[in-house]
Amino acid sequence: MSIIRTVQRVSKRLYRQLSASKPDTEVERIQDVLTEVPVFETCAARTHRVMAEAMHPRTYQPGEVIYYEHDPGLGLYVVEKGQVRLCANWKDERFEMRMAGPNTLFGALSLMGDFRRMETAEAVTAVEVAGFFRPDLSSLSQRHPKAALDIQQALLRFMAQQYASLVDVIGERDGRKVALQCYADASAQALDRAASGDS
């Protein structure tokens, strides 16, 4: 019986390896990138591993659009190689918000809820990214709840830092009173949306 069990174990292991969606080298490459992304630097090594296993590598050529402003957002992207331009339109004018290069992420807000994209993401150079989407996070919540919580906490810290930095930027430009009023208005609007069930 022990020989049969051994053969079964080996067969199962071999099947898992052959049916894996990504080769180990690809997972390890993405994992290495995640350890260099400042947003995820506080995450455990196990979190980096299971997140890398769930991510979706994509390549884009210069000028290709990864997503458009106002598209439904599904998740975030981590840049492995290349440069991505994040831009938006305002009164028939297109302006650049920022560039996302290696070991940075973009589109994180939509991982945390059903939010439309606030910007267009366009490849400036040949780009390699890894996507991580809401269904991936939901799946991790079932299979690896500690890792999913680790990811969510890292993203919440990042978004809280963005919120505080936004108040600082507006305060430096328009005065602290204006910044705090914008903060209060945004908080009230978010509470109203939550109460009405809107995202």
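Guide: Let us start with a definition: a residue is buried under 20% relative accessible area, exposed over 50% and partly exposed in between, using a 1.4 Å probe and protein chains only. This is a predicted model, in which local features need pLDDT of at least 70, side-chain atom pairs count only at pLDDT 80 or more, and totals for chains, interfaces and linings use all residues. Residues are numbered from 1 along each chain as its sequence is written, and side-chain values use heavy atoms, with hydrogens and water left out.

Visitor: How many helices and strands does the protein chain have?

Guide: Helices (H or I, at least four residues) and strands (E, at least two) are DSSP runs, numbered from the N terminus. Along the sequence, the pattern is α-α-α-β-β-β-β-β-β-β-β-α-α-α. The count for the protein chain is therefore 6 helices and 8 strands.

Visitor: Why is helix H3 described as largely enclosed by the rest of the structure?

Guide: The buried residues of H3 include His-48, Arg-49 and Met-51. With contact meaning heavy atoms within 4.5 Å, the buried residues of H3 pack against several elements, among them helix H2 (24-36), strand E1 (56-60) and helix H5 (145-174). Helix H3 (residues 45-54) is largely enclosed because the number of its 10 residues that are buried is 7.

Visitor: Is Glu-53 buried or partly exposed?

Guide: Glu-53 forms a salt bridge (a side-chain nitrogen of Lys or Arg within 4 Å of a carboxyl oxygen of Asp or Glu) with Arg-49, the closest N and O atoms being 3.2 Å apart. Both residues lie in helix H3, 4 residues apart, about one turn of the helix. The relative accessibility of Glu-53 is 33%, so this residue counts as partly exposed.

Visitor: Which residue forms a salt bridge with Arg-29?

Guide: Side chains of opposite charge can pair when their charged atoms come close. For Arg-29, the closest N and O atoms of the salt bridge are 2.7 Å apart, and the partner is Glu-80. Arg-29 lies in helix H2 and its partner in strand E3, so the pair ties together parts 51 residues apart in sequence.

Visitor: Which side chain of opposite charge is nearest to Glu-69?

Guide: Glu-69 lies in the loop between strand E2 (65-67) and strand E3 (75-81). Its side chain reaches the backbone nitrogen of Asn-89 at 3.0 Å. Here Lys and Arg count as positive and Asp and Glu as negative, while His and the chain ends are not counted. Glu-69 is buried yet has no salt bridge, and the nearest side chain of opposite charge, 6.9 Å away, is Arg-94.

Visitor: Which side chain is joined to that of Glu-119 by a polar contact?

Guide: Glu-119 sits in the loop between strand E6 (105-106) and strand E7 (120-123), and is buried yet has no salt bridge. A polar contact is a pair of N or O atoms within 3.5 Å; within protein, one must be able to donate a hydrogen and the other to accept it, and residues adjacent in sequence count only if both atoms are side-chain atoms. At 2.5 Å, the side chain joined to Glu-119 in this way is that of Tyr-67.

Visitor: How many salt bridges does a search of the whole structure find?

Guide: One network of salt bridges links Arg-85, Arg-94, Glu-96 and Glu-122. Arg-134 also forms a salt bridge with Asp-114, the closest N and O atoms being 3.8 Å apart. For the whole structure, the search finds 8.
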